[in-house]
Amino acid sequence: MSVYTRIVIREWDKMHKQRKWDFNSLLMPLRNSEFFPPGKEEISGRWIMKEDAQLRDVMEGVNLRTLEDLKKEEGRIFTGIDIWRYNQLKQFVEKLTKPLRTRKEWNEFEKYLEDRGDGKHSTAKAYKALTDLDRKFKLKYIEKWEKDLGVEWEEHTQRKIYRMVHENISMREVEMNFKCLTRWYVTPVIEHKMREEKQPWCWRGCGGLGTMYHIWWECPKIHIYWAKVINQITIITGMEIGLDPEICLFHNSILSGNKYKELGILCYLNAAKNLIPKFWRKVEAPSEEDWMNRVDQIARLEKLYYIQEDRMVTYHMKWEKWEEYKVKVKKGTE
Ligand SMILES: [Zn+2]
């Protein structure tokens, strides 16, 4: 088996697991496949002689072919080890999600596997068919955010969101951004589903249902907080960024990525967003002061980074307006 074919099979396995496809196909590759539990793949692989053996090669309809039948095809006497391997395969087939998909339901990739290509650039074609297929599948948390926000993210938007989530000097910020995107946090509604005695209502006492969207955006208390932060960002940067959850939570702004970063908007919004889990289960939402302290922490961390990188000019360009703003606020409170 060529190394490229192996890569395609690995991708197929990976997508199947990651996307939790709720089907199994008769085209499932048998050799070098990670579908088999650890240690078993080689055993089944060696036994089945064909390089590109698929599940359908050992199946009759949706049932495993009999040992007699397979013996006949192999044209040799089976020993004890063959019988043991057959039993392993049997166990594996029994555990597969039923029903197995048949030809009618096959997608482009599966159809490709059925023909096994015309030999020309076959691995590349298989890989393309597979990645095209993968694009059609959206991750569950992306689907849930889309539903909450009433939007549909195109592929390029999704890519942009992923990029922006990871755009940060501080790994802690990246981690918190990612946890928000993947809906990692436990809300009252989730808690209520896990244990009935837990109340599903927002802990901020607004009377609303404590859904993920409510806690991060819709709750009146958190909405006031966002409005204040956005107002301050406009004062600092002179840019109207809008009170929009797609921008505040996922940085899906019409501004170019570079402009967005240079103006520090990325840091200001991350500071605001990542304070929400800091105030998890608390009655009060974060205050403007909490937000300013958080931004200041980020600025200090960036300063250390830029000193080390010997790029203080970049630091000053980015944080100059923030420093001016801080002085103004200080004067105002004195
Ligand atoms: Zn609330």
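The legends below describe close-up views of a predicted model.

Local features are given only where pLDDT is at least 70 and side-chain atom pairs only at pLDDT 80 or more, while totals for chains, interfaces and linings use all residues. Residues are numbered from 1 along each chain as its sequence is written.

**Figure 1. Overall content of the protein, with 17 helices and four strands.** Helices (H or I, at least four residues) and strands (E, at least two) are DSSP runs, numbered from the N terminus. Of the 334 residues, 22% count as buried; a residue is buried if 20 or more other C-beta atoms lie within 10 Å of its own, exposed if 12 or fewer, and partly exposed in between, with C-beta atoms placed from the backbone. Two residues are in contact if their C-beta atoms, placed from the backbone, lie within 7 Å. Among contacts with a separation of 6 or more, 55% join residues 24 or more positions apart.

**Figure 2. The largest nonpolar core, of 33 residues.** A nonpolar core is a set of buried Ala, Val, Leu, Ile, Met, Phe, Trp, Tyr and Cys residues joined through C-beta atoms within 7 Å. Trp216, Trp226, Ile265, Tyr268, Ala271 and Ala272 touch the most other members. Two or more residues each come from α8 (155–166), α9 (171–181), α11 (212–218), α12 (220–237), α13 (245–250), α15 (265–273) and α16 (288–309). The greatest contribution, seven residues, is that of α15. Beyond its neighbours within four places in sequence, Trp216 is in contact with Cys180, Leu249 and Ile276. Another core, of seven residues, lies apart from this one and includes Leu26, Leu30, Val58 and Leu89.

**Figure 3. The covering of helix α15.** Nine of the nine residues of α15 are buried, among them Asn270 and Lys273. The elements that cover these buried residues include α8, α9, α12, α13, α14 (257–262) and α16.

**Figure 4. Packing of α15 against α16.** The two helices pack at an angle of about 125°, with their axes 9 Å apart; axes are lines fitted to C-alpha atoms, for helices over the stretch in contact, and angles run from 0 to 180 degrees between N-to-C directions. The angle makes α15 oblique to α16, given that angles under 35 degrees count as roughly parallel, over 145 as roughly antiparallel, 65 to 115 as roughly perpendicular and the rest as oblique. Cys267, Tyr268, Ala271 and Ala272 of α15 meet Trp291, Arg294, Val295 and Ile298 of α16. By class, this contact has seven nonpolar, no polar and one charged residues; Ala, Val, Leu, Ile, Met, Phe, Trp, Tyr, Cys and Pro count as nonpolar, Asp, Glu, Lys and Arg as charged, and the others, Gly among them, as polar.

**Figure 5. Packing of α12 against α15.** Here the angle is about 160° and the axes lie 11 Å apart, and the helices are therefore roughly antiparallel to each other. Trp226, Val229, Ile233 and Thr237 of α12 are in contact with Ile265, Tyr268 and Ala272 of α15.

Figure 6. Most residues other than glycine have a negative phi. Arg183 is partly exposed, with 18 other C-beta atoms within 10 Å. Arg281 counts as exposed, with 11 C-beta neighbours inside 10 Å.
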